[in-house]
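The sequence and structure come next.

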Amino acid sequence: MFDTLILILDSTVRLSAPLLLACLAGLYSERSGVVDIGLEGKMLGAAFGAGAVAYLTANAWLGLLAGTGVAVGLALVHGFASITNRGNQIVSGVAINFLALGLTALLGQTWFRQGGRTPSLSGGGRFGNIELPFAAEMAHVPVIGPIYSELISGHNILVYIAFAMVPLTWWILFRTRFGLRLRAVGENPAAVDTAGISVTWLRYRAVIACGILCGIAGSYLSIAQSSGFIKDMTAGRGYIALAALIFAKWKPGNAMWACLLFGFLDALAIRLQGQEIPGIGQVPVQFFQALPYILTVILLAGFIGKAIPPKASGVPYLKERT
Amino acid sequence: MSAGQLPRWVDFGLIPAINLAAAFLVSGLVVLLIGENPIEAVKILIWGSLGYGEGIGFTLFNATNFIFTGLAVAVAFHAGLFNIGGEGQAYVGGLGVALACLALDHYVPWWVTLPFAVLGGAVFGAAWAFIPAWLQAKRGSHVVITTIMFNFIGAALMGYLLVDVISKPGSMQPETRTFEEGGRLPLLDSLLPGDFFGTSQVNLALILALLACVFVWVLIWRTRLGYEIRTFGANPTAAVYAGISPVRIIIITMMISGGLAGLMAINEIMGAQNRLLLEFVSGYGFVGIAVALMGRAHPVGIVLSAILFGMLYQGGAELSFEMPAITRDMIVVIQGLVILFAGALEYMFRPALVQMFSFARTPATQAG
């Protein structure tokens with residue numbers, strides 16, 4: 001029983017990491033007032049960029065760099081549309097999701113001719129798992145041993161980066177001048193503008209931060225979790241991250257717990273597939289798939305606390321009336 | 001005419017045309033990037049979608065889907081609501097259509113089944129839009145987010161039903177049994193002399209879609225409710241002072257929107273597939289956003305842009321056949337670019353045009 005639990009929690013950590021990265025990405029963007037439903041597309045673009053470059057160079061770090069580059073590029077398109085051109089942010093996000101879905105499959109087929117996938121990675125093209133010190137020695141200690149050697153040790157570097165980003169994001173948002181201004185621009189851009197700070201530049205920086213984190217999230221999927229890019233491999237994770245962001249009420253600490261919860265549901269669904277639960281019987285796998293969304297809707301409805309988005313989110317800033 | 005304003009024909013004709021041209025230009029660059037000739041690709045695309053009867057048939061079939069989902073998004077737009085849940089509403093609407101067909105197809109001809117199927121699709125689609133609408137109206141949760149969530153919840157629900165509940169007995173396929181004659185809409189081909197539309201599946205749902213356009217036009221511009229919807233969309237605060245109930249408008253508009261999306265299933269399920277199957281909506285709901293944007297939320301514009309997207313789908317299929325390097329994913333890219341340029345970057349070329357037109361007008365003003 002304990003071993004099973006450790007196994008489920010272990011896969012929870014692996015499944016939550018990309019959600020967490022994407023969720024924090026959305027956090028930067030939305031806290032600055034730019035709504036981003038294009039997380040999915042940016043992750044997918046990054047997964048493809050990372051998979052392709054990691055294959056060509058056999059270097060995971062270059063893959064990560066390329067993936068991040070693709071995601072930042074898409075983020076800048078979103079920024080250009082929604083900040084500079086004051087376009088509809090939802091529409092822009094939808095467009096980016098479509099673009100990424102189509103381009104990755106099209107270019108994947110053109111360049112690698114494997115039905116839209118990138119060739120399988122091996123060796124240096126992937127991020128391997130890291131054994132923390134004394135993991136092997138600790139393994140035999142009861143309770144703490146398995147927790148340390150299975151749960152905490154033995155993940156790839158991007159998992160640790162994902163979880164390290166939580167306190168870092170908190171610190172940036174709530175303890176730095178940049179963070180204060182970023183939050184202010186999401187609540188009341190006119191006040192920030194009056195203080196002589198460029199709303200446009202601040203929001204662009206937030207959108208770029210969002211791109212970087214989405215890039216890591218997408219790269220994680222193709223060159224750390226799997227060994228190569230597969231067509232539409234994000235499979236809705238960007239939207240789950242968006243749900244987690246709302247569930248977390250736009251706070252970094254909560255974001256981690258929300259992503260762990262949604263990752264846990266995912267891990268549980270995989271574990272319970274085709275198995276009977278005593279007293280309940282077989283739970284359809286679709287129930288677990290829908291649960292994150294159902295929970296988020298219930299939260300949004302105000303039945304579990306209240307999720308209030310940043311005040312200026314989704315509203316383009318117009319400096320002066322023309 | 002004050003500064004910053006443009007003549008109507010520029011706003012409603014020239015700007016969409018320029019945006020579309022920009023989207024196609026970038027698409028052409030993508031085609032170049034994968035090493036094919038864009039001009040040749042355009043020729044194949046237009047020939048494949050309009051060059052012969054069967055191609056026209058498929059184009060119109062796709063356009064029928066787009067008219068329904070486009071109208072759904074447009075109606076919500078008029079109330080200032082963004083219904084991005086067309087995908088889920090159409091999917092669940094399919095359940096309503098299929099239930100009507102499965103219940104009646106053994107006993108009655110199609111024209112008796114049709115009203116029940118229309119009712120089923122509309123009611124199920126509307127029901128799927130009702131919860132997000134109610135949550136927006138009563139609990140203040142944003143309709144964009146809840147409709148996204150409902151797309152996924154709908155997909156999970158339909159997946160469960162199709163796999164475990166209503167699939168054909170004794171079959172592993174996640175689909176219902178095939179409807180009998182009484183649950184099938186006649187193809188247009190069978191109603192017209194000759195064999196113009198070939199094997200294409202364009203069916204009577206096209207007529208239903210055009211009727212839906214008339215319905216939406218009358219509703220929005222010729223009824224009291226439509227006036228209230230537009231007032232609420234233009235200025236919710238003023239609407240409240242005018243005695244319009246936001247709760248009522250939000251819920252009714254979203255339910256009409258969801259119902260229209262649900263009717264898409266008439267074309268796809270009753271008209272073409274003749275059975276309910278997994279993922280039959282396959283993006284039509286999302287593309288409805290692009291259709292509504294390009295059509296400026298007006299039924300005439302929606303029909304035109306639905307035909308354009310129908311052409312893209314059919315011509316794109318032809319293209320992937322003729323030029324294997326250009327897979328069907330190219331259509332998704334073009335859609336993305338159209339949504340980007342016609343939707344999100346809608347105003348990109350506007351300042352330049354405003355400048356151009358005010359410059360052109362200045363001498364005239366001085367003379368006057």
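In chain A, 77% of the contacts with a separation of 6 or more join residues 24 or more positions apart. Two residues are in contact if their C-beta atoms, placed from the backbone, lie within 7 Å. This is a predicted model: local features need pLDDT of at least 70, side-chain atom pairs count only at pLDDT 80 or more, and totals for chains, interfaces and linings use all residues. Residues are numbered from 1 along each chain as its sequence is written, and chains are lettered from A and ligands numbered from 1 in the order in which they are written.

Chain A has 13 helices and 4 strands. Helices (H or I, at least four residues) and strands (E, at least two) are DSSP runs, numbered from the N terminus. Of the 322 residues in chain A, 53% are buried. Buried means 20 or more other C-beta atoms within 10 Å of the residue's own, exposed 12 or fewer, partly exposed in between; C-beta atoms are placed from the backbone. The C-alpha trace spans about 70 × 50 × 40 Å along its principal axes.

Where does Gly124(A) lie? It sits in the loop between helix 4 (89–112) and strand 1 (129–130) of chain A. Gly124(A) is partly exposed, with 15 other C-beta atoms within 10 Å. Beyond its neighbours within four places in sequence, Gly124(A) contacts Ala58(A), Asn59(A) and Ala60(A).
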